[in-house]
Amino acid sequence: MKKGIHPDIREVVFQDMSSGKTFIISSTIQTRETIELDGKTYPLAKVEVSSESHPFYTGEQNKFMDTTGRVEKFRQKFGNRAGAKVAK
């Protein structure tokens, strides 16, 4: 590899702003803020959504679908019209 053209890889703290959870990950991201964690200073990258708060990973997305129910939602939208077509 050529020297001087690749970004430096370092440990960076990513902080989820919705939940406050922090992750230490190797990254090349450039940040202006730092944070002290476990007695060591790391660069800090703030993110709005991570696997800690995203509905797909937390299971909140499925709860939303279950509350309305797919069949009930279909019946509200189409009523008895769909049942009459199937019966014929």
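I take strands as DSSP runs of E, at least two residues long, numbered from the N terminus. The model I looked at is predicted.

**Entry: hairpin of strands 1 and 2**

I looked up the hairpin of strand 1 and strand 2 and found five residues between the strands. In this hairpin, glycine 20 takes a positive phi near 85 degrees. Strand 1 covers residues 10–16 and pairs with strand 2 in the antiparallel sense, over six bridges.

The four strands form an open sheet in the order 2-1-4-3, and the pairing is mixed. I listed the edge strands as strand 2 (22–27) and strand 3 (33–37), each of which pairs on one side only. From one strand to the next, I read an average twist of 45 degrees. Strand 3 and strand 4 (residues 40–47) run antiparallel and are joined by five bridges. Here I noted isoleucine 35 opposite tyrosine 42 in strand 4.

**Entry: order of elements**

I counted four helices and four strands in the protein chain. Read from the N terminus, the elements run β-β-β-β-α-α-α-α.

**Entry: valine 49**

I then went to the loop between strand 4 and helix 1 (55–58), where valine 49 has its place. The cut-off for exposed is over 50%, and buried means under 20%. I also looked up the separation of valine 49 from serine 18, which is 31 residues away along the chain. Their C-alpha atoms are 6.8 Å apart.

**Entry: helix 3**

How many of the nine residues of helix 3 are buried? The number is zero, so I recorded helix 3 (residues 70–78) as lying largely in the open. Just after helix 3 comes glycine 79, for which I read a positive phi of about 60 degrees.

**Entry: whole chain**

I finished with totals for the protein chain. Of its 88 residues, 14% are buried. The accessible surface comes to about 7,700 Å², and carbon and sulfur atoms hold 52% of that surface. I also looked at contacts between residues at least 6 apart in sequence; 38% of these join residues at least 24 apart.

How values were computed. Residues numbered from 1 in each chain as written. Predicted model: local features only at pLDDT ≥ 70, side-chain atom pairs only at ≥ 80, totals over all residues. Heavy atoms only, no water. Pairing = 2+ DSSP bridges. Axes fitted to C-alpha atoms, helices over the stretch in contact; angles between N-to-C directions. Buried < 20%, exposed > 50% of the residue type's maximum accessible area, 1.4 Å probe, protein only. Contact = heavy atoms within 4.5 Å. Areas by Shrake-Rupley, 256 points an atom, 1.4 Å probe, with all protein chains shown as cover.
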